[in-house]
Amino acid sequence: MTLRTSITSEKELQDEISDEKLSIISQFKKKWQLCVKIMELIFCALCIGFIIEPAKRADLARIHLSHFALIFPTFFAYFLTSFLFLITRVIGDKMPYRTGFIFSSVASFLFFVSGILLALDRTRDISDEFYYIPLPPNVSKFLAISTTITFFTSMLFGAEAYFSFRYKEDF
């Protein structure tokens with residue numbers, strides 16, 4: 001009797017574990033957009049954090065003003081809008097999937113262009129006719145990290161745009 005009870009209890013335990021796994025997966029499928037928005041918010045904050053130092057210390061924002069005129073507004077605007085979308089989700093409002101698709105598609109494009117501009121700024125020597133300024137090593141590392149995170153953020157927004165359009169789920 002005890003062997004049968006232990007086998008039954010092991011089966012019940014395995015069933016409960018598999019039910020928990022299924023419920024976690026189903027919960028993730030229901031809330032994937034929320035998880036993606038949180039990741040986008042974190043990546044936007046990291047992009048901002050890692051680009052501030054090169055912009056200040058190496059005068060990149062002054063020298064490459066045309067590049068940073070696109071990079072800074074992209075980082076800050078999508079940080080703010082992702083934050084606002086999360087707040088509206090907490091309040092209970094829904095954003096139509098078409099609006100989310102357009103938002104994510106434009107964000108993916110702008111982050112991709114910003115990443116290209118950052119890569120150009122990193123590879124090109126900051127030089128002028130009269131003087132040459134090499135990038136300090138830590139500024140160069142921050143610029144490389146910011147460039148990498150910008151491309152990851154672009155892919156994240158692109159993936160969100162694809163899945164928003166494919167599943168046609170409101171956020």
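This report walks through the fold, core, salt bridges and surface of one predicted model.

## Ground rules

In this predicted model, local features need pLDDT of at least 70 and side-chain atom pairs count only at pLDDT 80 or more, while totals for chains, interfaces and linings use all residues. Residues are numbered from 1 along each chain as its sequence is written, and side-chain values use heavy atoms, with hydrogens and water left out.

## Overall fold

The chain has 6 helices and 2 strands. Helices (H or I, at least four residues) and strands (E, at least two) are DSSP runs, numbered from the N terminus. In order from the N terminus, the elements run α-α-α-α-α-β-β-α.

Of the 171 residues, 32% count as buried. Buried means under 20% relative accessible area, exposed means over 50%, and partly exposed lies in between (1.4 Å probe, protein chains only). Contact means heavy atoms within 4.5 Å. Among contacts between residues at least 6 apart in sequence, 86% join residues at least 24 apart.

## The nonpolar core

The largest nonpolar core holds 21 residues. Such a core is a set of buried Ala, Val, Leu, Ile, Met, Phe, Trp, Tyr and Cys residues joined through side-chain atoms within 4.5 Å. I51, F68, F75, Y78, F111, L118 and F157 touch the most other members. Helices α2, α4, α5 (97–123) and α6 each give two or more residues to this core. In soluble globular proteins, nonpolar side chains tend to be buried together.

Take I51. Not counting residues up to four places away in sequence, I51 touches F68, F72, F75, L118, L143 and S146. Now take S108, in helix α5. S108 counts as buried because its relative accessible area is 15%. Leaving aside neighbours within four places in sequence, S108 is in contact with S154, F157 and G158.

## A buried charge network

The structure holds 2 salt bridges. A salt bridge is a side-chain nitrogen of Lys or Arg within 4 Å of a carboxyl oxygen of Asp or Glu. One pairs E40 with K37, their closest N and O atoms being 3.4 Å apart. Both residues lie in helix α2 (residues 32–57), 3 residues apart, about one turn of the helix. An α-helix has 3.6 residues a turn, so residues three or four places apart point the same way.

The side chains of E160 and K37 also meet in a salt bridge (3.3 Å, N to O). This pair links distant parts of the chain: E160 is in helix α6 (residues 137–167) and K37 in helix α2, 123 residues apart. Salt bridges that share partners join K37, E40 and E160 into one network. E160 counts as buried because its relative accessibility is 3%. K37 is buried too, because its value is 0%. E40 is likewise buried.

## Helix α4 and the surface

Helix α4 covers residues 65–91. This helix has 27 residues and reaches 39 Å from its first C-alpha to its last, close to the 39 Å expected at 1.5 Å a residue. The expected span is 1.5 Å times one less than the number of residues. Buried residues in α4 include H67, F68, F72 and F75. Just after α4, G92 takes a positive phi of about 120°.

I91 belongs to α4. I91 counts as exposed because its relative accessibility is 62%. L80, F83, L84, I87 and I91 make a nonpolar surface patch of about 460 Å². Patches are made of residues with over 30% relative accessible area and no salt bridge; like charges are joined within 9 Å, nonpolar side chains (Val, Leu, Ile, Met, Phe, Trp, Tyr) within 5 Å. Accessible areas come from the Shrake-Rupley method with a 1.4 Å probe; for residues, only the protein chains shown count as cover.
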